[in-house]
Amino acid sequence: MIKAAYEKFLLPKLLDTCCSTKPIQYQRKKIVPQAKGTVLEIGVGSGLNIPFYEKKDIHKVYGLDPSEELCEMARKTAENNQLKIDFLLILCAPSQIQMML
């Protein structure tokens, strides 16, 4: 019960705060605008990369994350930035995902 509450309420905000520091945002500002075409953002999180996409260069963005709460935060950020993103939610633990070769 405590783990579920932590993952639902505390962890998303903690990750958003930790990943939005000035040095990280500086790197996002340099790297993310270089994306072009169709983008698969693995670990879209709260959507901190979203404001940095050059909309004219992007055809489609897919956001992949195991957290519904983080995807919801990213969805709001995408709406505020007029960027359409299809969110793909991982419904199992990463250790349960098997690579198909």
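Start with P51, in the loop that runs between β1 (37-42) and β2 (58-65). Keep in mind that this is a predicted model. The cut-offs are under 20% for buried and over 50% for exposed.

Which residues does P51 touch, once we leave out those up to four places away in sequence? T77 and N81. For a distance, take K22. K22 and P51 are 29 residues apart along the chain, and their C-alpha atoms are separated by 15 Å.

Now the charged pairs. Side chains of opposite charge can pair when their charged atoms come close. How many salt bridges does the model have? The count comes to seven. I'll take three of them.

One is K60 with D86. Their closest N and O atoms are 2.5 Å apart. K60 sits in strand β2 and D86 in strand β3, residues 85-89, so this pair ties together parts that are 26 residues apart in sequence. How accessible are the two ends? K60 is at 23% relative accessibility, so it counts as partly exposed. D86 is also at 23%, and so D86 counts as partly exposed.

Next, E72 with R75. Here the closest N and O atoms are 3.3 Å apart. Where does this pair lie? Both residues are in helix α3, residues 68-80. They are three residues apart, about one turn of the helix. E72 has 35% relative accessibility and counts as partly exposed. R75, at 34%, counts as partly exposed too.

Last, K56 with D57. The closest N and O atoms of this salt bridge are 3.4 Å apart. Look at the accessibility of the two partners. K56 is at 67%, so K56 counts as exposed. D57 has a relative accessible area of 21%, so D57 is partly exposed. That pair also belongs to something wider. Which residues are linked with K56 in a network of salt bridges? K36 and D57.

To recap. K60 and D86 pair between strands β2 and β3. E72 and R75 pair within helix α3. K36, K56 and D57 make up a salt-bridge network. That's it from me.

Key. Residues are numbered from 1 along each chain as its sequence is written. This is a predicted model: local features need pLDDT of at least 70, side-chain atom pairs count only at pLDDT 80 or more; totals for chains, interfaces and linings use all residues. Side-chain values use heavy atoms; hydrogens and water are left out. Helices (H or I, at least four residues) and strands (E, at least two) are DSSP runs, numbered from the N terminus. Contact means heavy atoms within 4.5 Å. A salt bridge is a side-chain nitrogen of Lys or Arg within 4 Å of a carboxyl oxygen of Asp or Glu. Buried means under 20% relative accessible area, exposed over 50%, partly exposed in between (1.4 Å probe, protein chains only).
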